[in-house]
Amino acid sequence: MNNKITIRAFQHLSFETLKNGKIIPSISSEVCAGEQNQTILDGSLSLDVALDRMIEGKILADEAVRDKDREILLSQINSILEVVKAKRKKIAALPQFFESSLGVGKMKKP
């Protein structure tokens, strides 16, 4: 008899589009169990709130921050921006896909 239960956790970016067209990025998490990966827990946190919490962890009394902590926060934000810039460049360089009348796709460089 096997009493082993598999539990997996997944994290990913998700996006909610509001009625006004604004897109809200979030960090989503899901915990699954069993052979069919049945979801037992899920949730998300907006990227804005996650970044605010990162900043709040360094803020001292009177909404002040040490110079060292400011440098750390700016370095962390810069590392996020570098990843975003690299992915944006990668997406912009992807070839354009066009549907042909024969149902066979053709690619064209951007």
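This is a predicted model: local features need pLDDT of at least 70, side-chain atom pairs count only at pLDDT 80 or more; totals for chains, interfaces and linings use all residues.
Residues are numbered from 1 along each chain as its sequence is written, and side-chain values use heavy atoms, with hydrogens and water left out.

Let's start with the layout. The protein has two helices and five strands, and from the N terminus on they run β-β-β-α-α-β-β. Helices (H or I, at least four residues) and strands (E, at least two) are DSSP runs, numbered from the N terminus. Of the 110 residues in the protein, 8% are buried, where buried means under 20% relative accessible area with a 1.4 Å probe, protein chains only. Among contacts (heavy atoms within 4.5 Å) with a separation of 6 or more, 13% involve residues 24 or more positions apart.

Now for the helices. The axes of helix 1 (residues 47-56) and helix 2 (residues 67-93) come within 10 Å and cross at roughly 155°; these axes are lines fitted to C-alpha atoms over the stretch in contact, with angles from 0 to 180 degrees between N-to-C directions. That makes helix 1 roughly antiparallel to helix 2, the label for angles over 145 degrees. On the helix 1 side, Leu51, Met54 and Ile55 meet Leu73, Gln76, Ile77 and Ile80 of helix 2. By class, that contact has six nonpolar, one polar and no charged residues. Ala, Val, Leu, Ile, Met, Phe, Trp, Tyr, Cys and Pro count as nonpolar, Asp, Glu, Lys and Arg as charged, and the others, Gly among them, as polar.

Next, the serines. Serine 28 sits in strand 2 (residues 23-33) and is buried, at a relative accessible area of 9%. Its side chain makes a polar contact of 2.6 Å with the side chain of serine 14. A polar contact is a pair of N or O atoms within 3.5 Å; within protein, one must be able to donate a hydrogen and the other to accept it, and residues adjacent in sequence count only if both atoms are side-chain atoms. Setting aside residues up to four places away in sequence, serine 28 touches Phe10, Gln11, His12, Ser14, Gly43 and Ser44.

Serine 46 belongs to strand 3 (residues 38-46) and is buried too, with a relative accessible area of 19%. A polar atom of the serine 46 side chain lies 3.1 Å from the backbone nitrogen of valine 49. Beyond neighbours within four places in sequence, serine 46 is in contact with Ile24, Pro25 and Ser26.

Conventions
Angles under 35 degrees count as roughly parallel, over 145 as roughly antiparallel, 65 to 115 as roughly perpendicular and the rest as oblique. Buried means under 20% relative accessible area, exposed over 50%, partly exposed in between (1.4 Å probe, protein chains only).
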